[in-house]
Amino acid sequence: MPRKTKEQKELEEKKEIKKSSTSSAKKKSTTKKTTTTNKSKTSTKKSTSNKKAPSTKKKTTTRKRTTKEKVVEESNLEVAEYYDLPYRYNKTVVKILAQTPSTLFIYWEISDEDIENYKKQYGENFFEITKPVLIIHNKTLDYSFEIDINDFANSWYLKVNNTKCEYSIELGRRPIEYSNTISDYIYVAESNDIESPNDHILLESFPDMIKFRNVKNNNEYFRKMSDLSISKNMSKIYNIYDLYKLIYQDENLDSLNNPSSGASSTFK
Amino acid sequence: MQEKKGYVSFVLHAHLPFIHHPESDDYLEESWLYEAISETYIPLLTNFQKLVDENVDFRITMTLTPPLLSMFDNKLLQEKYINYLNKMIELSKKEVKRTANDNRLNELSKYYYNRYSNDLHIFKDVYNCNLINAFKHFQDIGVLEIITCGATHGYFPILYVNEKTVKAQIAVGVQTYEKYFGRKPRGIWLPECGYVPEADKYLKEFGIDYIITESHGILYADPTPIYGTFAPIVSPEGVIAFGRDIESSRQVWSSISGYPGDFNYREFYRDIGYDADYDYIKPYIAHNGVRVHTGIKYYRITGKSEFKDYYNLQWAEDSANMQAGHFFDSRNAQIENLSQHMDTPPIILCPYDAELYGHWWYEGPYWLYVLFKKIYYDDCNFTLITPSEYIDKYPNMQVSSPCRSSWGANGYSEVWLNHTNDYVHKHLHVAGDRMCELAYLFPDAEGIQKDALNQAARELLLAQSSDWLFIITNGTMVDYAKKRIKDHIGRFTKLYYQIKDNKIDEKFLKDISKKDCIFPDIDYRIYR
C-alpha cells in the first residue's frame, strides 16, 4: 500500500482501541490463535480450543439454530441485532483451498451423528484409541502421503512439494496402538478437489507450434515458432527465457512480485 | 506524426465495499465514500471533461464495481455526501479565518474552501447528484470503457469450492452493469484479480470477453505465452486475459521509487483532523470524539524525516509534469524495443486502484491529465487504447490457460486466507451451500417468501466481500470488518431457518432489507 507509515498505523490502532473497549482483548486472543509448529516439518496446526476463545457462550448457542440473536429496542430502529458466528455446523465435511502454490489450507468437521455411529460401530472409546490423520492425494502425479493431526485441531496449513497439481484430502483415523476391534485405517470423509497454482514459467510446455485463435470467428490455426518475428534473431533452439530477455530487458522474471501487492480493497 | 507501433491501456479499478447505515450516523466507514468522491471520482471526471473540452482524444478503462454503483445511486448516501461537503465548506471557511496570519497556510485553506465549494456545485448542479450518469456520459462519447466486477467483490479462488456462488457473483455483476449502463459489459475486473479457470464458463455464459490478470497470470500460463504480458491470450474456454505490465506498475506503485512518493506531493498522513486543537476540530471528526482524517492537509511529503514543509500547489504540479514526461518516455522506449520482436503491436496494460489517484496520490488525476495530453500532442510511437478496442483490432491471439493468481501480496491467496481470517471461510462456504439449497427447495417462491429468499441472496453476497478479509489482514478497522461478516452471516442464517420453517419474521425482514438494500432487482434463482 503506498505511503502507509508506521505513524499512521499506530494512530489507526489507537483509534481502534478507543472505538471499542473490547477490541484490544479480542486482538490479544487472536494473536494467541496463531499457529504452533507441528512435529511434522510439512505442516502447521491450529488448535480448536484456541478457536473457542474469547467466548465460551458460542458452544451453547450453536446446537440447533446456528446464530444467536437478541432483540432490543433502540430509538431509531425497529430491530437491533447481535450475532456471533457458530463454532460448528454439525456436518461431516472436509474442504481444501490453495493458499499459495505450495500451501494448502484444510478445514474439517465431523457431525454428532457420525461421531455416535463410529462409537456404536467401534466402541465408546473410539475417539480415544484412534488418532485423526489426513491423507493427501496428488492426483496429477499419482501419489499419496499421510500426516498425523490431532483432535484439538479443525484446520491445518499443509506444505506440498508439487505445484500445479490436483489434490484431494481424505480425513481418517488410525488406531494409536494395536487394537482388536480396529485393525487399520478408517475413512471419515473426503474433500473437494483443487488444483494448486503454478509458480513458475513453464519451460517444459513451450511448443514448436503455437496455437492461435481468431476470437472474432473462433478459427484456430498453428504457427511455427520459427516463422514468428520474435525468433528472427535467435538460434534454432528456442528457450522461453531467451525470448523473454528480448521483451523484458531488465526484469528479473524469477522473482515476480509486483509492487501493488496488498493495495487492493483498501481505502484506509 | 510518427506511426504508432504500440498501445498503452490504463485500467482504473474503482471500488469500495457497500457501506450503508441508515440506522446510525456513527459509522466512520461511511465517510470512505465521501472522501473518495471528493478526492478521486470528481477529480477524475473533472480531468476527463478538461481533456474533452481541449479536444484531446484519449482512452481509459474503469471498473465501477456493483457496490460502488449501488452507493452512487443511493439517495440517502447522496444526501449524506452533501452534508459532508457542507461541513467541509464550513470547516475550510473557519480555516481561512484561523490561518489569516500565515500567508502560505491561508492560500492553502482558501484552496480547500474553493475545492469543496466546487465539489458541491459539480455534484448538485452539474451531475444532479448522480455520478453514474457522469461516468456513463464519457463511455457514451467513446473515451471511457466501463467494465464490471464481481457483485460484491467476492474473491473467486476462495468461493469456487461452490461454483454456483462464483456464478452468482458474475451474474449479478453483469446485471447491475446492464441496469445502469444499458448494455452488457465486455470486460470484468475479477475481484482482487483472483483468477480460477473454473470461472471461465460462467464468464462466457454472461457474455464477458475479457479479464485483467496480474503479470504472472500470463507469464505462468500454460503453454507459455510467447509475447508475455504484451499481448492478450485466450483461454480454451474463450476468455481473453490481459496481464499487468511490470515496468509501468513499478514506476507508479513502488513504495520506494514510485511517483506518489515525490517530496513535493501532498503528505497524506498530516491532516488537521490530527493536528488541530481538539476542541476546535471536534465537530468535524468522529461522533465519538476520535480524531480522523478530515481531508484538509497542509503539508508536503518533504523528505524521509518527521519534518514537513507546507504543501506548494505549483511545486506539486511541476513534479507531476516531470513524472508524466518520464512515464511517457519510458513507454516510448519500451514499445520501441517490443515492436521489433512482435508480429502484432504490443499493448502495455497499466491497471491501478482508482482510489490511488487522488485519495492516496493526491496529484494522480492531474498526472493522468498531463500524461494523456502529452500522448495526444507529443511525437511518440504509441497511443491509448481500451482492451475492447485492442481485441477488435487484433483478434488473433495465442491460446493458453492463464495461471491461477491474484494481485495480492505474493501473488496468490495469502491476503484473503491466512491465520487472521481463515475462520471466515467455512461460514462463507456453508452459507453458499445453503443458498443453493434454498434456491432448489423453493423454485417458484412468491410474496414474502420470495422477498426473504432475495434478501438471503443479498446477505450472502455482502458477506462474501473480499474487503472484510483484507481489512482483517491489514489490521486497521478490524472490528468493523468482523462485525460485517457476523451481521451478514447471522442475518442469512436466520433467514435460512425462517424460510425453511415457513416462519418469516416480516419486521426483521423489512429492517434488514432497508439496511442491506443493495441489488433491489436480484433474483435468488441465480443460485439454482
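## Basis of the description

The model is predicted, and local features need pLDDT of at least 70, side-chain atom pairs count only at pLDDT 80 or more, while totals for chains, interfaces and linings use all residues. Residues are numbered from 1 along each chain as its sequence is written, and chains are lettered from A and ligands numbered from 1 in the order in which they are written.

## Overall build of chain B

Chain B holds 20 helices and ten strands, where helices (H or I, at least four residues) and strands (E, at least two) are DSSP runs numbered from the N terminus. The C-alpha trace of chain B spans about 70 × 65 × 45 Å along its principal axes.

Of the 528 residues of chain B, 57% count as buried, a residue being buried if 20 or more other C-beta atoms, placed from the backbone, lie within 10 Å of its own.

## Domains 1 and 2

Chain B is divided into domain 1 (6-72 + 130-260 + 313-410), domain 2 (74-129 + 267-310) and domain 3 (417-527), with bounds that come from an automatic or database domain assignment. The centres of domain 1 and domain 2 of chain B, taken over C-alpha atoms, are separated by 29 Å. To their contact domain 1 of chain B gives 22 residues and domain 2 of chain B gives 18 residues, two residues being in contact if their C-beta atoms, placed from the backbone, lie within 7 Å.

On the side of domain 1 of chain B that touches domain 2 of chain B, the elements that give two or more residues are helix H1 (31-53), helix H2 (66-72) and helix H5 (131-140) of chain B. The largest share of this side, eight residues, comes from H1(B).

Methods
A residue is buried if 20 or more other C-beta atoms lie within 10 Å of its own, exposed if 12 or fewer, and partly exposed in between; C-beta atoms are placed from the backbone.
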